[in-house]
Amino acid sequence: MEAFIDIYVFIFGLLIGSFLNVVILRLPEKKDLVFTRSACPTCGSKLKWYHNIPVVSFLALKGKCAYCEKRISWRYPLIELLTGLVAFWLLPQSISLQSMGIFLFYFTIACIFICHFFIDLDHHLLLDSLNLYLMAIILAFAVFTFHWSYWVTGGVIGFGAPLLVTWIFYKLRGQVGLGGGDIKLYGILGLYLGPTGVMFTIFLSCFVGALFGIIMIGLKKMTKDKPMAFGPAIIMVAAFQIFFPDLYYRVQQWFF
Ligand SMILES: [Zn+2]
């Protein structure tokens, strides 16, 4: 019975992952998410339902379009697999109304993180629509879970500190450092992570982002004057804090 539920949830995750691929592709271009059938991005051929089975179709087609045989990005099955594994991993030990609610809460956060991560890589954009959705569920959770002083100060510091730094940087150098989406995301994360937590997010994501930037410049994949997508660094650090809390608290003790 239990193995049954595990397989079920994994397949559920794969299907949601397939939907996330659509979101990542279409949401930044303001295209319809549900009613338009998927098509090959190269030749535009409409896909049949059996070309759309998560991971399986990719393997069956050997990673090529069934019509024009152009390569399909490995990112599609990767995102499906990742979402499936996250669903499986978050599944609670015992099924109750409360544990399922918590499961859905964390799974939704993970899904938004995945979309944010890849859309920011592609378009240098953390979409307001995704941020709003994330804010709504985190705020609802925070109001019922934490003392108000915790999430209010977390939100204010998460939003205010990067805004202030960006403003000072702009006044001094005439350049905008962080994008508006980054600052909003920090603010939302502050509602969940609290003041200390979100300061940790800010410090560590700047460190991770800078490190990644140096590596990319070293590998000549990026030039110094071209802006880098910063969202993925924020997402990676926040995912570490939210989904690996025990490990995070141990790391946090070295810093604060
Ligand atoms: Zn094609």
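Modeller: Two residues are in contact if their C-beta atoms, placed from the backbone, lie within 7 Å. Helices (H or I, at least four residues) and strands (E, at least two) are DSSP runs, numbered from the N terminus. Residues are numbered from 1 along each chain as its sequence is written. The model is predicted, and local features need pLDDT of at least 70, side-chain atom pairs count only at pLDDT 80 or more, and totals for chains, interfaces and linings use all residues.

Biologist: What covers the buried residues of H3?

Modeller: A residue is buried if 20 or more other C-beta atoms lie within 10 Å of its own, exposed if 12 or fewer, and partly exposed in between, with C-beta atoms placed from the backbone. In H3, the buried residues are Tyr-76, Pro-77, Ile-79, Glu-80, Thr-83, Gly-84, Val-86 and Ala-87. The elements that cover them include H1, H2 and H4.

Biologist: Against which helices do the buried residues of H1 pack?

Modeller: The buried residues of H1 include Gly-13, Leu-14, Ile-16 and Gly-17. The helices against which the buried residues of H1 pack are H3 (75-90) and H4.

Biologist: What distance separates the end C-alpha atoms of H1?

Modeller: The expected span of a helix is 1.5 Å times one less than its number of residues. H1 covers residues 2-26, and its 25 residues should therefore span 36 Å. The model agrees, with the end C-alpha atoms separated by 36 Å.

Biologist: Is Val-55 buried, partly exposed or exposed?

Modeller: Val-55 lies in the loop between H1 and H2 (56-60). Leaving aside residues up to four places away in sequence, Val-55 touches Leu-14, Pro-77, Glu-80 and Leu-81. Because 16 other C-beta atoms lie within 10 Å, Val-55 is partly exposed.

Biologist: How are H4 and H5 oriented to each other?

Modeller: Angles under 35 degrees count as roughly parallel, over 145 as roughly antiparallel, 65 to 115 as roughly perpendicular and the rest as oblique. Axes are lines fitted to C-alpha atoms, for helices over the stretch in contact, and angles run from 0 to 180 degrees between N-to-C directions. The axes of H4 and H5 (residues 128-145) are 10 Å apart, at an angle of about 155°. H4 and H5 are therefore roughly antiparallel.

Biologist: How many nonpolar residues does the contact of H4 with H5 have?

Modeller: The residues of H4 in this contact include Phe-105, Ile-109 and His-116, and those of H5 include Tyr-133 and Phe-141. Ala, Val, Leu, Ile, Met, Phe, Trp, Tyr, Cys and Pro count as nonpolar, Asp, Glu, Lys and Arg as charged, and the others, Gly among them, as polar. The contact has no charged residues and 2 polar ones, and the nonpolar residues number 9.

Biologist: How are H5 and H7 oriented to each other?

Modeller: The axes of H5 and H7 are 8 Å apart, at an angle of about 15°. Among the residues that meet are Asn-131 and Leu-134 in H5, and Gly-181 and Lys-184 in H7. H5 and H7 are therefore roughly parallel.

Biologist: How are H7 and H8 oriented to each other?

Modeller: The axes of H7 (residues 180-218) and H8 (residues 231-243) come within 7 Å and cross at roughly 125°. Their contact has 15 nonpolar, 7 polar and 1 charged residues. H7 and H8 are therefore oblique.
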